Amino acid sequence: MKSNKMYILIQGLLLSISLSAQSVLSGKVTNTNNEPAMGATIVVLNQVDSTYMTGTTSGTDGQFEITNLKPDTYILSFSMIGCKTVNRLQQVTQNTKIELDDIVLGEDTYLLSAVTVNGKRTPVKIEPGKMIVNLSSIALSTDGNVLDALRKLPGVIVQNDGTIILNGKSGATVWMDGKLTYLSGENLLSYLRSIPAHSVENIELIFQPSSQYDAAGSAGIIHIQKKRIKEQGIHLLLSSGIERGISTRWNENISLNYRHNNLNMYADYSYYEGKDWIEMAVSGNYIDPVTLQRQELRKDFVNDINRHYTGHYLKTGIEYDWSDKITTGTHVSSNWLNRNKNELTISGFFYKDNSKAIPL
């Protein structure tokens, strides 16, 4: 029993000697005005390879204390945001308490010629009942006109007769800057072709129109919002686009905008010209209604359609911004379309051996 007590006593004595052999380093960090620097970082590094040994931060009074340091030579690094880093070489001996002189951190001043903030807008934003597509953030803005951009949007089908299918519902209406266009058919297609895609900021695909829209938009609404220029002075924009396939289509656009303080005047003119070519060939055999066998009589049908379009769009107006949310103005717009259509249709009835025919 005595041997166990003696063993515990010896272990406690050795532990107390080991703890007392550790050194303590303390001090105070201030700024150039001799005020306490709260939250300064103090790092202890090995002198040989600058590896991290230990560290702490200064308190509200700028005081700090680092314990359990073994005898060695260390690099003390003092740093703080907005201040120059101070490094000090410090030798620590065994079982010592070192009180450092005040560490003064001077301001670290940088002279910036400019600050550039780069950001990216979200191309597609989903909200209850609608989807907002930002053309300025996606590649669709490089397409020739708004009609081409619409045909590439998800859930939108634009038919050749001007009917727009939105989210599976036919008869969606088109709005421009909060106003219904009242256009349909070829006039609507010509209007959309005449607007360059780069002049549009957002396209809202509204699947469930709210009460603020006309009841005619129950099948869905496509709301096109054009860009507004806020910079002062004169802005002139010229653009041209061409599409080449079996036929060629191209469009030209010129935009002039003048802003002085809260007054804004603008004029837009667009020209579109293109050709559509449709060739259709159909061959069908007649079936005997009794035997359901194919008869020798056959009907061939060939249709060749060529359409040539020229469209013009002109809009001019004046606006005045009373505040960031209130703007009044007036505008005059005109849109006219010329279409030439050449169509050739050939059909006829033929027997199986093609020896006899009854052309129509």
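Colleague: Quick one to start: is Lys130 buried, exposed or partly exposed?

Modeller: Lys130 is partly exposed, because its relative accessibility is 22% and the buried class stops under 20%. Keep in mind that this is a predicted model.

Colleague: Noted. Which residue forms a salt bridge with Lys130?

Modeller: That's Glu204, and the closest N and O atoms of the two are 4.0 Å apart. The bridge links distant parts of the chain: Glu204 sits in strand β16 and Lys130 in strand β10 (residues 130-134), 74 residues apart.

Colleague: And Glu204, buried or exposed?

Modeller: Glu204 counts as buried because its relative accessible area is 8%. Its strand, β16, covers residues 200-206.

Colleague: How many salt bridges does the count come to?

Modeller: Three salt bridges. Besides the one between Glu204 and Lys130, there's one where the side chains of Lys226 and Asp268 meet, at 3.5 Å from N to O. That pair also links distant parts of the chain, with Lys226 in strand β17 (residues 221-226) and Asp268 in strand β20, 42 residues apart.

Colleague: Where do Lys226 and Asp268 fall on accessibility, buried or exposed?

Modeller: Lys226 is buried because its relative accessibility is 15%, and Asp268 is buried because its value is 14%.

Colleague: What about Asp321, which residue does its side chain meet in a salt bridge?

Modeller: Arg259, with 3.1 Å from N to O. Asp321 is in strand β21 and Arg259 in strand β19, 62 residues apart, so to speak two distant parts of the chain linked by a pair. Both residues are buried.

Colleague: Switching to rings. How many aromatic pairs does a search of the whole structure find?

Modeller: Two aromatic pairs. One is Phe64 with Phe78: the ring centres are 5.8 Å apart and the planes are at 65°, so the pair is edge-to-face. Phe64 belongs to strand β4 (residues 63-69) and Phe78 to strand β5 (residues 72-79), 14 residues apart.

Colleague: Why does Tyr320 count as partly exposed, and how does Trp322 count?

Modeller: Tyr320 counts as partly exposed because its relative accessibility is 33%, which falls between the cut-offs of 20% and 50%. Trp322 counts as exposed because its relative accessibility is 57%.

Colleague: Which strands each supply at least two residues of the nonpolar patch?

Modeller: β18 (233-244), β19 (248-260), β20 (263-287) and β21 (294-321).

Colleague: Where is Thr181 placed?

Modeller: Thr181 is in the loop between β15 (179-180) and α3 (185-193). Thr181 counts as buried because its relative accessibility is 16%.

Colleague: What is Thr181 in contact with, leaving aside its neighbours within four places in sequence?

Modeller: With those neighbours left aside, Thr181 is in contact with Val174, Trp175, Met176, Leu188 and Tyr191. Leu188 and Tyr191 are among the buried residues of α3.

Colleague: And how far is the backbone oxygen of Val174 from a polar atom of the side chain of Thr181?

Modeller: The distance between them is 2.9 Å.

Key. Residues numbered from 1 in each chain as written. Predicted model: local features only at pLDDT ≥ 70, side-chain atom pairs only at ≥ 80, totals over all residues. Heavy atoms only, no water. Helix = DSSP H or I, 4+ residues; strand = E, 2+ residues; numbered from the N terminus. Buried < 20%, exposed > 50% of the residue type's maximum accessible area, 1.4 Å probe, protein only. Polar contact = N/O pair within 3.5 Å; in protein donor to acceptor, adjacent residues only side chain to side chain. Contact = heavy atoms within 4.5 Å. Phe/Tyr/Trp six-rings, centres within 6.5 Å; stacked < 30°, edge-to-face > 60°.
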